[in-house]
Each structure stands twice: as C-alpha cells, then as structure tokens.
There are 2 protein chains.
Amino acid sequence: MKPRAKRKITIRDVAELVDVHHSTVSRALSPNKRDQISPAVVKKVEKAAEQLGYFPNLVASSLKQNRSFAVGVLVPDLTNPVFPPIIRGIQDTAEAAGLTVITANTDDEEAKERSALKTMQGRSIDGIIIATALREDPIVEECIRNEIPFVLVNRTVDRDDVNAVVIDEQFGINSILEHLIGLKHRRIAHIAGPDHTSTGHERAAAFAAYLNSKGLPSDLIETTEKFTIEEGRRGLRRLLARDNTCTAVVASNDLLALGCMDEMKELGMLVPDNMSISGYDDIQFLERMNPALTSVLVPKYEMGSQATKILLNMLEGKSTSPVLQRMRPRLVVRNSTATASR
Amino acid sequence: MKPRAKRKITIRDVAELVDVHHSTVSRALSPNKRDQISPAVVKKVEKAAEQLGYFPNLVASSLKQNRSFAVGVLVPDLTNPVFPPIIRGIQDTAEAAGLTVITANTDDEEAKERSALKTMQGRSIDGIIIATALREDPIVEECIRNEIPFVLVNRTVDRDDVNAVVIDEQFGINSILEHLIGLKHRRIAHIAGPDHTSTGHERAAAFAAYLNSKGLPSDLIETTEKFTIEEGRRGLRRLLARDNTCTAVVASNDLLALGCMDEMKELGMLVPDNMSISGYDDIQFLERMNPALTSVLVPKYEMGSQATKILLNMLEGKSTSPVLQRMRPRLVVRNSTATASR
DNA sequence: CTGAAAGCGCTTACAG
DNA sequence: CTGAAAGCGCTTACAG
C-alpha cells in the first residue's frame, strides 16, 4: 500500500524524526558542513533521510545559494555530428562534478542564442560553455557584460581575454598539406569555412601561409557561408569554374568535404583519381564512406571535457587569467587522397 | 560605466519604479494573470521591467509553484546517431512550449539511470521522456510509483498502462522482408536486437511471423546482447557458423547491420553479391557508405516531437488514458540488398 | 556542536 | 483591480 498523498519529504520531516532542528539536518547532509555536526547525529540524520526516502530539493537550495549547480551549453545543432561527442565530454565531466547540463540549439541564429541565454540566466546557471562563437560575437559580449562565467569550445572570438579550448589549426592544416604535397600535389585548393568563424578563418590563413612557405600557389581559396554539405558543393562548383588545374582540395571541415564529393560525383569525376579531397573534424563513419574520407581528427570529447574543467575551476574561484588552450589534432589518411594525377 | 554591483533585478525593483506592490508586478508579467490587472498598469510594469533589464528568476518561481518548467530526457548515449534527431524533436517541441530540456546519458546502466532520475526529481522536473526503456524496466516502475509524468519513446515496456511513442515494427519488418522476397531471397536470417528491449523483441517476432505466413523458414535468428557494431559482427559470425545457405540478413538496427558488413569484409565476402544486408533506423550517412545500406527509416525527430506533445498534454491535465502511438517507418532501398545469388 | 531566525524571489489565496 | 501576508524548502550568519 503506497502513501497516497505524495507530499514531498523535506528536511523538516527528517528533523522531526531525529528530533533535531532542521538546520542541523541541513548541515549533516551537506558534505562541507558535515564536520560541524557530531558524528552520532550525522549518522542518525543519514539513516532517517534514507528511511524516509528524502532527497534534497535542488530548487530551494539554488534559490538560497543563488546558483543552480547547472551549466548551460550552446551548440548550433545537436544533429550536426561534430557536436554529440563534444557535448558528451561536457556532460560526463560536469556530472562527475555534480553539475547538471542544459543544452540548447541555436541554429546559428542570434535570436535563438539570446533567448537561450536569457532562459539560462533565469535559471541561475552557474556558467556556460559556448560552441557557437563567431569571431565577433554579441552573445559572448553579453556574457562578459553580465559576468557570466563562460568557456568557448571549438571556436573562439577575436578578443583574447576569454577562456577557450580550440584546435591547433595550424598544426592540423600543415599536416594535411604535408600529406598532399608528399603525394606530389602542387596545385592545392581550399574550400574555406565562413570567415567570421575562427575555425574557418584560421584554417584558411594557415593554408595560405603554409603553401607560401613552400613556394606553392595559395590563391585557390573559395570561402563558403556555412559549414554544410550544400555549401561544400557550391564551393567546389565555384572553384572548378575558375580553375581546372588543381589536383587536391582541402575542405575546412568534413561536411564541406562531403559536399565536394557529392559535386564531384555529379560531374562524373572520381575521387581520388581525378581529385584528392580531405575533410576536417573526423566525424563518425568517415571510414565507411565511398571513398573513405581523409580527415583531420579533432579530439571532440576531450575538447568538451577540457572546456568543462576550465569552467569548473572558474566556478571554484581558481584560474583567474584567461586561458586559450589549443589541442593538437591528428591526420587520418584514408582513400579520398592519393597521388596527384598530373 | 557599468553598474559594479551586479545585484539581480527583482520583481521588487520593478514594483518600486512603478510604485505598485510587487504582487501586482508578478501578475502583470504573468501571461495568465495579466488580465487581472488594468491595462495601464500592465503597460507601465512592462516598460519598467524592460528598462531595468528585469528577467524572472525561474528558480524562485519553480520553488513556489513546485514545478520547474523543465523536462528530463533519458537516453543511452547521445553519440549513438539514432538519438540526436529524437532529442532535437523533443527540444524543439518542449522549448516552443516554454520548457527547458535536461538530457542525461545512462549508457544502459541502471545505476546511472537511477542517479539521473534522482537529480531530475531534485530539480522538480515536470516530466520525463525515456528512450532507455527495457521491457521490464525498474526506472519506469519508479516513475510510476513516484507519479512522475513520463512518456516512453522509441522503446516501450511490456505493461500497457503507459504512454509511449514507438514504431510500427511489424510494418517495418514486413516491408524489408517483402523487398527481399521480391529479390528472390528464400533463406533469410535475422540478427536480432536484445530480447529485453521492445524493439529487439518485436522485430524478431515480426520477422518470424511474416516468414511463417509466407511458408518460408524462420529459424535463422541470432539474438545479440546490445545494439552495437561489435555485437553485429559477432552475431553474423555465429550465424554463418551454423548456416551457409542464407542469402540475406535483416539486422535489427543499423549498427548491427554495419557490424555484419564489417564481418563480411573480414571474411572476404561481398555485399550484396554474396549476401544482402539491411539495417533499421536509417541513421545519418547510410547513403554514403560502401555499399550504401538499405534500411528502414524511422521518423526520429517526429517521434521525439510526438512524445513531447503527449507529455505536454499530460502536464496540462489533459489526456488521461495511456496512449501507445505507433509511427509508420518507411523502407529505403539502397545498394546493400540485391537479387539473391543462388 | 546545535538552535532559532531571517531570507533567497517568486506566487497566490484572502481581503477589500 | 490591487495590496498585504504567508510560504515554497532550503542555507547560513548569529548566538550560545
């Protein structure tokens, strides 16, 4: 026979059972106040709590402490395969520290970002991890203005007084270019991501710089509007319209690369026979594709996890000066890149 | 010059500015209490709130109302490609109704499920959407016992007094079997998902029933422990060890099918030449694989969205009797299935 | 080591 | 239509 009135068990019920003041119960149950209470009482309180099936009301606790033990995460779109591993890294690390994670999709729309931020603020979020940053980002500015602790992940902003965990893009681009040059490619093109993102911008800059340093032409850059398959197709179309001498294309991320592959197929051209193509990010299942896509693996889970650790430090009042952490990616060679055909 | 003390603006600050009682502000700002207040005052309150940059403290509101305007979601693992679209469907629908979504990964471990549920209860979650149900599920029982409104999605339990949005598995299995039989396959095998999941169980049952109804052998069923690539490999290995006459394999989901493809490759056998293979779920990028995997598309986003709508109805006190909603999947034929080779 | 009191920022019966 | 009061379930100075 279950209790019909499902009134919530509170700290007062526990107090009554043990016959102490409810503030004593609060202390006994709080890991860092526990030592203010005699072990005997702690024991009794714990037993009573257990017995009554008590669990703390985090909402009340949040209101009083003016923090919610929750962190927000802003991603463009959960169904973009780059993000799930990043989010998982965030969640695992946050939950291990007792924090709940609230994720919002922004679809790269500022209105949605603002609304998500507002909701999170209303929930007294402790901090926020932002995977949506543009190089000039009003939402980031807003977080700074409102003194919300935040860490950027994957992309960063142009200003350098923020915490961010990103990729060593130069290393990543260099490693793919080295690989292609080793395969005798001399005319290499770049399908660049949007220039208003740090990833798009830095990868394109690294691309040009490396080729210049090798005395190779670096003019074959087509910049896209978004990191999408469709934009990859259009980018490649534009590229081929103005040049038909290049033998390899470095795409700024995997989705753009997949778009390039689609366009090649549409044109009846073969990858890698007629053109080598590489991606960036190394999303799931590339090894199963036809052809398997060569890519630059970015440690997505670790980036998320690392960003969260930094945020946790901030919340604990440690780590004062802003940190820009660059993680090293790793080239993964597959079948979409091969020896230059001419 | 920004205000240094970033004390939060409260309803009282707004009240003071307009010179009314703070309860009046509360009413004026509440969509469903607004009409108790004279339009003139509402206007003034809104303006003052705007001017002060007031936004409501949802934590306080939650505490008082004993609901949090948040719903929980339990998934096994966010990085499993089936789930992001489901979650996105949930989020979009929930957010449109003003609810925040909190997602937790359980890795199919009961301990993690319990802990997630406890956290969510502590946060006074309004309801919960469960994508992790087993046919006999202690967490579901717990939700029932604690009278937490919940809706199951993708999988359901054996008891029928719950709300669930799942797939018409019989339709899905029939459509793939029809397709294979049309391709002259007569010895068809099934790599079944875990029997303790409704999906694994129902698909296997539908498989046997349909073949029986056509007078075809239905004994070639290998049951796996988990819906994973690795289990798919092992399942196919076991199958081939006991039978070498079958020409087609229906896998209970895409990951199992991918495992079957891997094992075929390992054995030096060709798909579909030596064996047709089909998946189920239709996760992202199957069309790009080598060979492109024939699958049964389940409307993932819509399932999530539909489950959320049902939950919203429950929260509004509508919809009393439990609903089992079955959504119709759709066969997507690709290159991994072809005419039987013998 | 423990208790009593105040208060976090809202909402909502109860009056008027 | 508006105000005054009480209270949601905690936490935490302040006493002792």
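A residue is called buried if 20 or more other C-beta atoms lie within 10 Å of its own, exposed if 12 or fewer do, and partly exposed in between, with the C-beta atoms placed from the backbone. Keep that in mind for the views below. This is a predicted model, in which local features need pLDDT of at least 70 and side-chain atom pairs count only at pLDDT 80 or more, while totals for chains, interfaces and linings use all residues. Residues are numbered from 1 along each chain as its sequence is written, and chains are lettered from A and ligands numbered from 1 in the order in which they are written.

**View 1. Asp195(A) sits in a loop between β6 (188-192) and α9 (198-213) of chain A.** Helices (H or I, at least four residues) and strands (E, at least two) are DSSP runs, numbered from the N terminus. Asp195(A) counts as partly exposed because it has 14 C-beta neighbours inside 10 Å. Leaving aside residues up to four places away in sequence, Asp195(A) touches Gly200(A), His201(A) and Thr223(A); contact here means that the C-beta atoms, placed from the backbone, lie within 7 Å. Look also for Lys226(A): it is 31 residues from Asp195(A) along the chain, and their C-alpha atoms are separated by 9.4 Å.

**View 2. Strand β1 (residues 70-75) of chain B is mostly covered.**

**View 3. β1(B) pairs with strand β2 (residues 100-105) of chain B and with strand β3 (residues 127-130) of chain B.** Two strands pair if DSSP finds at least two bridges between them. With β2(B), the pairing is parallel over 6 bridges, and Val73(B) has Thr103(B) as its bridge partner. To get from β1(B) to β2(B), the chain passes through helix α5 (residues 83-96) of chain B, in a right-handed β-α-β crossover. Right-handed means that, with the strands pointing away from the viewer, the path from the first strand over the helix to the second runs clockwise. With β3(B), the pairing is also parallel, over 4 bridges, and Gly72(B) is partnered by Ile128(B).

**View 4. Chain A meets chain B, with 36 residues of chain A in contact with 36 residues of chain B.** On the chain A side, α4 (58-65), α5 (83-96), β2 (100-105) and α6 (110-122) each supply at least two residues. That side divides into 14 nonpolar, 14 polar and 8 charged residues. Here Ala, Val, Leu, Ile, Met, Phe, Trp, Tyr, Cys and Pro count as nonpolar, Asp, Glu, Lys and Arg as charged, and the others, Gly among them, as polar.

**View 5. DNA strand D is surrounded by 25 residues.** A residue is near a strand if its C-beta atom, placed from the backbone, lies within 6 Å of it. The closest are Ile11(A), Ser23(A), Ser26(A), Ala60(A) and Thr24(B). α4(A) gives the most to this surface, with 5 residues. By type, the surface near DNA strand D has 8 nonpolar, 13 polar and 4 charged residues.

**View 6. DNA strand C is surrounded by 25 residues.** Here the closest are Thr24(A), Ile11(B), Ser23(B), Ser26(B) and Ala60(B). This time α4(B) gives the most, with 5 residues.

Key. Contact = placed C-beta atoms within 7 Å.
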